Amino acid sequence: MTTSDGITLVEAITQALAYELSANPNLVVFGEDIGANGGVFRATAGLQQRFGADRVLDTPLAESMLAGIAVGMAAQGLKPVLEIQFMGFVYPAFDEIVNHISRLRNRTRGRLSCPMVIRIPCGGGIHAPEHHSESTEAIFAHTPGLRVVIAASPVRAYGLLLGAMRSNDPVIFLEPIRLYRKTKQIVPDNGIALPIDKCFLLREGSHVTLISWGASTHETLTAAEKLSQQGIEAEVIDVASIKPLDMDTILQSVEKTGRCVIIHEAPRTCGVGAEIAAQLAEKALTSLQAPILRVTGYDTVMPLYRLEYEYIPSEQRIVDAVQQVMAFG
Amino acid sequence: MHSLDYTLTNNLITHHEIFMQQLTAQFSIYYSQFLNEKGELTQPLPDFAQDPSVLVPLYEMMVLTRAFDSKATMLQRTGKLGTYPSSYGQEAISVAIGSAMQPTDVFAGYYREYGAHFQRGVKMEEILLYWGGDEQGSNFAECKEDFPHCVPIATQVLHATGIATAMKLRKQPRCAVTICGDGATSEGDFYEAINLAGVWKLPIVYLINNNQWAISVPLKLQTACQTLAQKGIAAGIPGEQVDGNDIIAVRAALDKALDRARRGEGPSLIEALTYRLGDHTTADDARRYRDENEVNSAKQKEPIKRLQKFLVAQNLWDEVKEKNLLTHCQQQVEKAVQAYENRPHSSVSEMFDYMYAQLPNELAEQREIALAYSKENK
């Protein structure tokens, strides 16, 4: 699938799924419209034709069912990889995710467990209908027992998804829909997984640390380039694994720069940015030369698409926040 | 046997307009019973029940289950156990499940199936540990694949459906068995599960313990359905009713459903009609919402007495055997209580140790705090 121009993020997802379907006979991919249709975003395109209808299964339309049967399948030693069509449709599955998937290992003292991957397209930016553009990663991150991973480039999507599929824990794997076809990268189909407990340093800089994940990493990177023209060198971190958090990498950077802005598309209150800021306050207060600022989605309902880019944190908001922390003190 | 026939299409005719319609589907729900409440046969015994070496142990297991249940309730009353849901009066269903299943089958029940658990290798001590507030109780030492007790209503029905999916995908000759209460059939998970099992022809048996009460809500406020068995029809799977206080009827229906599943013919739904003679749990007082007369009349139909009468009439049981059995059950239960009381509590570290396959740094830090403040160190 690797071409000279590279592949998109969604193609990288397909490539990772195909690799692991070949490598792991216990892995089963299932969800709504993922078989013959190849998924609403085409993330599973061609997989059923290639691996058969007993490895790539079209299911009835019921999200609690998807998550609930995954519990039984995982306990029997299969590796369920299921797709929820959009983040706004995951709520019916919450009971199973929060009450069972995240808890089975603990409540049976390790006798049974739920290693699985729940893939969920997330975020806005593609003019989708209502309920198709949510960013609710914090709800999952707040749930003990889950891992939460979010992809931000084709290369990282491939490696992180492989890492998620090889994890012995349940992983919520988030795929920002506005990155699905945004850029292409060469993604060697080498089966090498990326760690799902580490941040990625996207850009080095000494003046300020910009912490982001998912689609917002793109505005964060372009903001960093703008700032560079003004003589401000920003270090940019893609958190990638939201739970558990790699605070070591984040701390190392903030201790170096002394300034920090956190950027995420999700609503502000109790967002993952609040957790990172709190941990920085606990562990790096003496290194901080300015208050930590957050540039986030608002505490509003994600608007319908005419206003969605008023909601999604813009490059300008990031640049302004950085200038504010640089001007402090 | 009586049957209940109804047609779906005819119900669609309105008062205002009558137009020509064709009958497109028609269903029947059958009810079966072998032993009535007086212990008399209402039809010839199925083959398995003609063998005393099968029938007598079913009786003994029901008596043991009730002995355990009454002891557990006592333990709660004396502060030695947390909230406990009794299986009083519903023993036939769980004992039939445990006896009908093969060891390689997998059971995912809710929380009133002690008779099934005992036969599946779950220890009494483990059940007490669970209701006694310790996760060790769900780490069954000798029953590795069965699911632990499940409190969120109807969620277990999906877990069993997933287990059956795994069995089917791997082409194993095994079955999953699950059970839920009458109230659980109002949950979406119940319908989502049976619907999928119908489409995928999964090797699974769904049972409903219809004990007439979902905490304080009686069946008539739960559903307008004439039977719960007919909910299977909506999912395209066969549903039938049995007298859930007649262990022979429950077991016969289970045998048939398990055979069908093992032959690759798909899922079945069995509604077992019984009555919750006790409170919902020890935290409940059913006198607030339930007529004592109803309970007293239901007591006349309970499952143990009727099988005892039948066995006595067949010269398979007598007073001496009964006395010995009660003594034996008492001893077994007391032994389990001792083991429960002597079992060391879960350590504080165990709160953390099983959250993930490997303990993340953040949790390791929190574990240090918990250990430093723990009573274990005082």
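Predicted model: local features only at pLDDT ≥ 70, side-chain atom pairs only at ≥ 80, totals over all residues.
**Entry 1: overall form of chain A**

I began with the secondary structure of chain A, where I counted twelve helices and twelve strands. I then looked up the radius of gyration of chain A, which is 19 Å against the 20 Å that the globule rule gives for 329 residues, so chain A is as compact as a globular protein of that length. Along the principal axes, the C-alpha atoms of chain A fill a box of roughly 60 × 45 × 40 Å. I noted that 58% of the 329 residues of chain A count as buried, and that, among contacts in chain A between residues at least 6 apart in sequence, 80% join residues at least 24 apart.

**Entry 2: overall form of chain B**

I repeated the look-up for chain B, which has 14 helices and nine strands. I recorded a span of about 80 × 55 × 45 Å for the C-alpha trace of chain B along its principal axes. In chain B, 48% of the 378 residues count as buried, and 72% of the contacts with a separation of 6 or more are between residues 24 or more positions apart.

**Entry 3: a sheet in chain A**

I next followed an open sheet of five strands in chain A, which runs in the order 7-9-8-11-12 with mixed pairing. Strand 7 (200-203) and strand 12 (293-297) of chain A stand at the edges with a single partner strand each, so one side of each has no neighbour in the sheet. On average, and with direction ignored, neighbouring strands of this sheet are turned by 25° against each other.

Within it, I checked strand 8 (208-212) and strand 9 (234-238) of chain A, which pair in the parallel sense over five bridges; A:Ile211 has A:Ile237, in strand 9 of chain A, as its bridge partner. Helix 8 (216-229) of chain A packs on the sheet, where it touches strand 7, strand 8, strand 9 and strand 11 (260-267) of chain A, and the direction of helix 8 makes about 170° with that of strand 9 of chain A.

**Entry 4: where chain A meets chain B**

Last, I looked up the contact between the chains, which takes 34 residues from chain A and 33 residues from chain B. On the chain A side, the elements that give two or more residues are helix 3 (63-75), helix 4 (94-101) and helix 5 (104-107) of chain A, and the largest share, nine residues, comes from helix 3 of chain A. I classed the residues of this side of chain A as 13 nonpolar, twelve polar and nine charged.

Terms used
Residues numbered from 1 in each chain as written. Chains lettered and ligands numbered in written order. Contact = placed C-beta atoms within 7 Å. Helix = DSSP H or I, 4+ residues; strand = E, 2+ residues; numbered from the N terminus. Nonpolar A, V, L, I, M, F, W, Y, C, P; charged D, E, K, R; others polar. Pairing = 2+ DSSP bridges. Axes fitted to C-alpha atoms, helices over the stretch in contact; angles between N-to-C directions. Buried ≥ 20, exposed ≤ 12 C-beta atoms within 10 Å, placed from the backbone. Rg over C-alpha atoms; globule rule 2.2 N^0.38 Å.
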